[in-house]
Amino acid sequence: MIRRLRQTYRRLRLGTRLALGLGVLSLVVFAVVGTALTTYMRDYLSKQLDEQLAQGQIAQSKSIADYGTLSGKKYYSWYYAVYDVRDGTPVLRKPEDPADLPQDVDDFTAVARAQTTSPTEVLRTDHLEGKGDYRLRACEVESGLILVSAAPMADIDDTVGQLITIQAVTFGLALLALVVAGRGMLRRGLKPLSDMAHTARGITSHDLTDSARLPVRHDGRSGGPEVEELRTAFNTMLEHIDDSLAVRTEAEQRLRRFVADASHELRTPLMSVRGYADLFQYAAANAPEERDKHLARLRAEAARMGFLLDDLLLLARLDAAEVEAPLRVQEADLVELVENAADAFRAAHTDHPLTVATGPSRLTMRMDPQRVRQVLDNLLTNAAVHTPEGTDVSLSVSVTDGRAVVRVADAGPGIPPDDRKRIFDRFYRVDKARSRDRGGSGLGLAVAHSLVSAHAGTIDVTSEPGATVFTVSLPLPKGLTDR
């Protein structure tokens with residue numbers, strides 16, 4: 001039975017369990033308060049009765065001493081007994097009225113006997129057969145004469161009984177109202193928890209990126225600081241889940257796009273290699289003078305595919321954050337690297353005027369000079385490939401706030417705003433129609449971005465018609481400055 005009750009209690013909702021717990025606690029409090037109040041009232045009324053007995057016996061004792069009778073000094077429903085104790089044994093005197101004594105006077109005699117040896121008046125509560133509870137008091141009228149008076153306690157019992165009834169009814173109604181009102185208040189206070197539970201159930205059957213939000217927290221229905229704190233934490237958790245899923249979805253989309261683009265980029269040189277291999281085979285059999293030309297094209301396509309695979313391998317190693325990173329860090333002069341990159345650009349792109357502005361004469365720092373040079377070459381090549389012939393290109397080096405800043409700028413048509421957001425994505429081209437022979441594979445800026453990040457630097461772009469600037473910022477170690 002107890003086990004079944006426990007199981008039933010555990011299946012109850014939290015609000016109901018709290019309301020029942022509050023009711024039990026209130027019942028205990030009511031019981032303690034009621035018991036204390038009833039005990040106090042009984043003691044108070046008993047004390048009043050004792051004082052009434054004492055005052056009555058004073059007048060009765062004086063009447064007995066003066067007139068030898070209780071005439072005119074009796075109270076309704078009281079009993080009286082006068083004992084002669086001169087020889088040490090209580091001897092009951094004949095009552096003035098038979099109604100002054102009950103049928104059984106043993107309790108009176110016992111009280112009189114106790115009075116003979118007590119220095120003070122004796123008080124005792126006894127049950128008189130057929131009469132109920134009485135309060136007995138004995139006092140010495142004069143030497144050898146004892147008066148025993150008995151007052152009924154029925155009025156006290158009736159008063160205490162009525163008090164108990166009133167308390168039971170009042171406390172019962174208060175307990176019922178408390179449980180009902182408390183249940184309602186708890187349901188309103190715990191409603192945010194129910195909302196959270198509903199949202200959590202919805203998460204199991206819906207896409208988490210579309211999960212329903214909890215109600216506005218500041219809507220006047222707060223469940224208190226604790227519930228508010230829990231609701232805030234729950235909302236924060238959902239936002240974190242949404243953000244994580246968004247990042248994961250974006251990463252998956254980027255991965256699928258990367259795989260598709262990489263497959264497409266590798267497919268083109270492979271088909272070229274296959275075609276030139278067939279042509280080389282045909283030339284070897286029918287036109288020997290064409291073999292060298294086809295063999296050169298085979299080598300060019302193989303080299304192009306090799307460069308593409310090298311870039312992909314470099315990006316993969318940078319993304320994997322291997323213990324042995326693909327950087328060979330050493331002290332090198334950034335200004336020297338910039339000047340060498342400028343000389344190579346002028347030699348390869350004579351149709352694009354290049355101006356170089358190097359603020360410091362020498363800027364020594366720890367870096368991988370080969371990879372930094374690769375970043376510079378990629379940015380300069382990007383400026384030449386995506387601008388018309390004759391477009392001015394500039395290259396500058398400066399030191400700002402303890403960082404080395406390299407800027408590559410061109411006066412070309414600029415980059416559309418929508419393309420700037422994805423300019424560093426892999427295989428992304430601003431001009432989708434540009435041929436791969438001229439426009440590249442779309443990995444140059446992605447490689448530059450990854451290499452700069454591997455050096456703990458940043459790279460960003462600003463563009464408008466007539467001015468596109470790529471800015472590379474690399475941290476300078478403490479103690480190394482421009483000279």
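Buried means under 20% relative accessible area, exposed means over 50%, and partly exposed lies in between (1.4 Å probe, protein chains only). Keep that scale in mind as we walk through this predicted model, in which local features need pLDDT of at least 70, side-chain atom pairs count only at pLDDT 80 or more, and totals for chains, interfaces and linings use all residues. Residues are numbered from 1 along each chain as its sequence is written, and side-chain values use heavy atoms, leaving out hydrogens and water.

Let's begin with the salt bridges. A salt bridge here is a side-chain nitrogen of Lys or Arg within 4 Å of a carboxyl oxygen of Asp or Glu, and by this rule there are seven of them. One joins Arg137 to Glu121, with 3.9 Å between the closest N and O atoms. Arg137 belongs to strand E4 (residues 132–142) and Glu121 to the loop between helix H3 (106–116) and strand E3 (122–128), so this pair ties together parts that are 16 residues apart in sequence. Those labels come from DSSP runs, numbered from the N terminus: helices are H or I with at least four residues, and strands are E with at least two. Arg137 is buried at 12% relative accessible area, while Glu121 is partly exposed at 40%.

Another salt bridge links Arg362 and Asp333, whose closest N and O atoms are 3.5 Å apart. Because Arg362 sits in the loop between strand E7 (354–358) and strand E8 (364–367) and Asp333 in strand E6 (residues 330–333), the pair ties together parts 29 residues apart in sequence. Here Arg362 is partly exposed at 39%, and Asp333 is buried at 8%.

Inside helix H9 (residues 369–385), Asp377 and Arg373 are four residues apart, which is about one helical turn. Their side chains meet in a salt bridge of 3.0 Å, N to O. Asp377 is partly exposed at 26%, and Arg373 is partly exposed at 23%.

Now turn to a sheet. Strands of a sheet pair through backbone hydrogen bonds, either parallel or antiparallel. Two strands count as paired if DSSP finds at least two bridges between them. Five strands form an open sheet in the order E7-E9-E10-E12-E11, with mixed pairing. E7 and strand E11 (458–464) are at the edges, each with a single partner strand, so one side of each has no neighbour in the sheet. E7 pairs with strand E9 (residues 393–400) in the parallel sense over five bridges, and Leu354 has Val393 in E9 as its bridge partner.
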